[in-house]
Amino acid sequence: MDADDRQALLRSGGPLSFPARQILLREHEPSTHVLIILSGWAKVTSAAPNGYEALLALRGPGDIVGEQALLSGRPRGATVTALERVESLAVDAEHFGALLDVRPTVARKLLALTADRTRDSDRRRVQFASLGVQERLALLLLELIRTHGEESQDGVLVTAGLTQSELAGSVGASREAVARLLKQLRERGVVRTGRRGIVVVRPDVLRQMARSGNG
């Protein structure tokens, strides 16, 4: 959306702050507003009846969350949780609907955003269906160092702050399976793990692992 559309959306909202690990939006609750993330990162998850939590996406500065449920009139389809302090603007359903009525370009951009997210999700499902857990984890770590990587003395620190359970939820595996794979990668000198998170020391090895799964 252009600068005018973005400013109109921002003017419709009120500020909200969320500390790390606080829930921004909760799955199955009625949809009353959307959030525009100004700073910080949040995870989007969905829980299965057996308690398994799948990590669907990460959202950061400039992203809008909660719009699909509001547009469809259905309860929220996922939970959004702050990974760090998140500053956002909340736009209630009435103001959001009015904005879409007077600015159809915003509505078209939101439809395009929804289509892009759906396409990315479909592509990821197709890609992951042909890969083992090791290759999925390698791809995920490569994506995280691209989007949340910070150069450090030892390598590239993944700053997203995801737990092993959250990594497992992203690659469709158990936490125990991911823990074993990380242990193997540590022993090979590919990654280091600690209180600050995961440091990727040998991204070239991860790329080889990902290619072997795609080949």
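## Salt bridges in the predicted model

A salt bridge is counted where a side-chain nitrogen of Lys or Arg lies within 4 Å of a carboxyl oxygen of Asp or Glu. The structure examined here is a predicted model. Under this criterion, twelve salt bridges are found. Side chains of opposite charge can pair when their charged atoms come close.

## Arg26 and Glu29

Arg26 is paired with Glu29, and their closest N and O atoms are 3.5 Å apart. The pair qualifies as a salt bridge because this distance falls within 4 Å. Arg26 is partly exposed, its relative accessible area being 41%. Glu29 is likewise partly exposed, with a value of 37%.

## Arg192 and Asp154

A salt bridge also connects Arg192 to Asp154, with 3.2 Å between the closest N and O atoms. This pair links distant parts of the chain, the two residues being 38 residues apart. Arg192 belongs to strand β11 (residues 191–194), whereas Asp154 is located in the loop between β9 (149–151) and β10 (156–158).

Arg202 forms a salt bridge with Asp204, for which the closest N and O atoms are 2.7 Å apart. Arg202 has a relative accessibility of 37% and counts as partly exposed; Asp204, at 26%, is also classed as partly exposed.

Notes
Residues numbered from 1 in each chain as written. Predicted model: local features only at pLDDT ≥ 70, side-chain atom pairs only at ≥ 80, totals over all residues. Heavy atoms only, no water. Buried < 20%, exposed > 50% of the residue type's maximum accessible area, 1.4 Å probe, protein only. Helix = DSSP H or I, 4+ residues; strand = E, 2+ residues; numbered from the N terminus.
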